[in-house]
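Subject: Structure handover

Hi,

Here is the structure I promised to pass on.

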Amino acid sequence: MSDVGNYIFDVQEKKERRRRYVRIGVLIGVVFAVLLVSAWFLFRAPFLRFSTIAIIPNALRAGEVSFDRRTSDAQVIDLLRGTMLKNGRGWLPIENFLAWPNVLEEKDLKFIPQLKRVTLQKKYWDDTLAVYVEERLPLGVWCFNKESPVECFWFDDEGIIFEKTFEAEGSLLTVVHDYSHDPLPLLSPVLPERMLPALFSLFPTMKASGVAIKNIMLKDLDKEEIEIATYDGPTLYFSLRFPADESREVVQALKREGEFQKLEYVDFRVPHRTYYK
C-alpha cells in the first residue's frame with residue numbers, strides 16, 4: 001500500500017511540476033509578447049512616427065507677411081537633436097514623436113541666445129512635428145563704452161542682450177551708451193530688474209514728445225539716472241527709480257511755447273517735479 005501511495009504521489013508531483021513549467025513558460029511568453037509589442041509601438045508604430053519637421057517662427061504665428069529671422073531651421077533642429085540626446089532619448093528613432101520634448105528649457109536655449117522660447121506640438125494625424133520658434137526681437141542697441149574698443153549688443157523688450165552688433169548712432173535707432181561697467185555676457189540684463197520699467201518708459205515717451213535723440217548715456221549706474229542729448233534742444237536728465245511718463249507733457253508744453261530749443265537742460269530726476277535752465 002505504501003508503494004502505491006508513493007507511486008501516486010510521484011505522479012501528482014510530476015503533473016504539478018509540468019503545470020509549474022507551463023505557467024512559467026506562459027508567463028515568459030506573455031512578457032516576451034508584451035516586450036515585442038512595446039518595441040513595435042516604440043520603433044515601428046506608424047502613428048508615433050513623423051515625416052516632416054515644420055519650423056514655425058513667431059512672425060508666422062502672428063500672421064505677419066515678412067520677418068528677418070536671426071536663426072535658421074538647421075540651427076533649431078540641431079539644438080533639438082542635442083537636447084534629445086542630452087535628455088537620454090537618443091535610443092529612440094529620430095522620427096519618433098516620443099523622442100522629442102514638448103518644450104525647451106532655458107538652460108537649453110542658452111546655446112542660441114537669439115531664441116526666447118521653443119515649443120513643440122506633435123501632430124500625430126498629420127505626421128508632422130511642429131516647432132514653434134519665438135525669437136528675441138531687438139528693441140535697441142546697448143553699447144559698453146567704458147573701455148576701448150566699444151562693444152555693442154542688441155537687447156530685447158526684457159532688457160536681455162542676445163546678439164553682438166556694430167556701434168550705431170542717430171535718432172532712428174534706440175542706442176544706449178553705457179559708461180558705467182564692462183561688457184556683460186550674452187543673456188544678461190542690461191540693468192537691474194527694478195530699473196528696467198523706468199528705462200523702457202523713456203523710449204515711447206521721447207518718441208511721443210517728438211524729441212530728436214542724439215545720444216542716450218548711462219554714465220554712473222550708482223546714481224540711477226540716464227542722460228539724453230538732443231539734436232534740437234537741451235540735455236534731458238531722467239531717474240531710473242520711476243517711469244518717465246509725466247515728462248512727455250512737459251516737453252510738449254515747452255515746445256509749444258518755443259522754449260525747448262533755448263534751454264540748456266531739463267531735469268526730471270525728482271518725482272512730479274521739473275527743473276530746467
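Below is what turned up, starting with the whole chain and then going residue by residue.

Bear in mind that this is a predicted model. The chain has 277 residues, and 39% of them count as buried. Its secondary structure comes to six helices and twelve strands. If you take the contacts between residues at least 6 apart in sequence, 55% of them join residues at least 24 apart. As for surface, the chain exposes about 16700 Å², with carbon and sulfur atoms supplying 56% of that area.

On to the cysteines. The disulfide count is one, and the pair in question is C143 and C152, with sulfur atoms 2.0 Å apart. The link between C143 and C152 is right-handed, at 110° about the S-S bond. Both ends are out of the way of the probe, in that C143 is buried and C152 is too.

Next, S239. You'll find S239 in strand β10, which covers residues 235–239. Is S239 buried or exposed? Its relative accessible area is 4%, and the cut-off for buried is under 20%, so S239 counts as buried. A polar atom of the S239 side chain sits 3.0 Å from the backbone nitrogen of R241. Leaving aside residues up to four places away in sequence, S239 touches A198, E224, E225, F268 and R269.

L184 is another one to click on. It is in the loop that runs between β7 (175–178) and α5 (196–209). With a relative accessibility of 23%, L184 falls between the 20% and 50% cut-offs and therefore counts as partly exposed. Which residues does L184 touch, not counting those up to four places away in sequence? They are F144, F153, I161, P189 and V190. For one of these, I161, there is also a C-alpha to C-alpha distance: L184 and I161 are 8.3 Å apart in space, and 23 residues apart in sequence.

Last, a bit of nonpolar surface. L98, Y124 and W125 make a nonpolar patch of about 400 Å². L98 itself is in the loop between α3 (73–86) and α4 (106–109).

Cheers

Terms used
Residues numbered from 1 in each chain as written. Predicted model: local features only at pLDDT ≥ 70, side-chain atom pairs only at ≥ 80, totals over all residues. Heavy atoms only, no water. Helix = DSSP H or I, 4+ residues; strand = E, 2+ residues; numbered from the N terminus. Buried < 20%, exposed > 50% of the residue type's maximum accessible area, 1.4 Å probe, protein only. Polar contact = N/O pair within 3.5 Å; in protein donor to acceptor, adjacent residues only side chain to side chain. Contact = heavy atoms within 4.5 Å. Patch = residues over 30% accessible without salt bridge, like charges linked within 9 Å, V, L, I, M, F, W, Y side chains within 5 Å. Areas by Shrake-Rupley, 256 points an atom, 1.4 Å probe, with all protein chains shown as cover. Salt bridge = Lys/Arg side-chain N within 4 Å of Asp/Glu carboxyl O. Disulfide = S-S within 2.5 Å.
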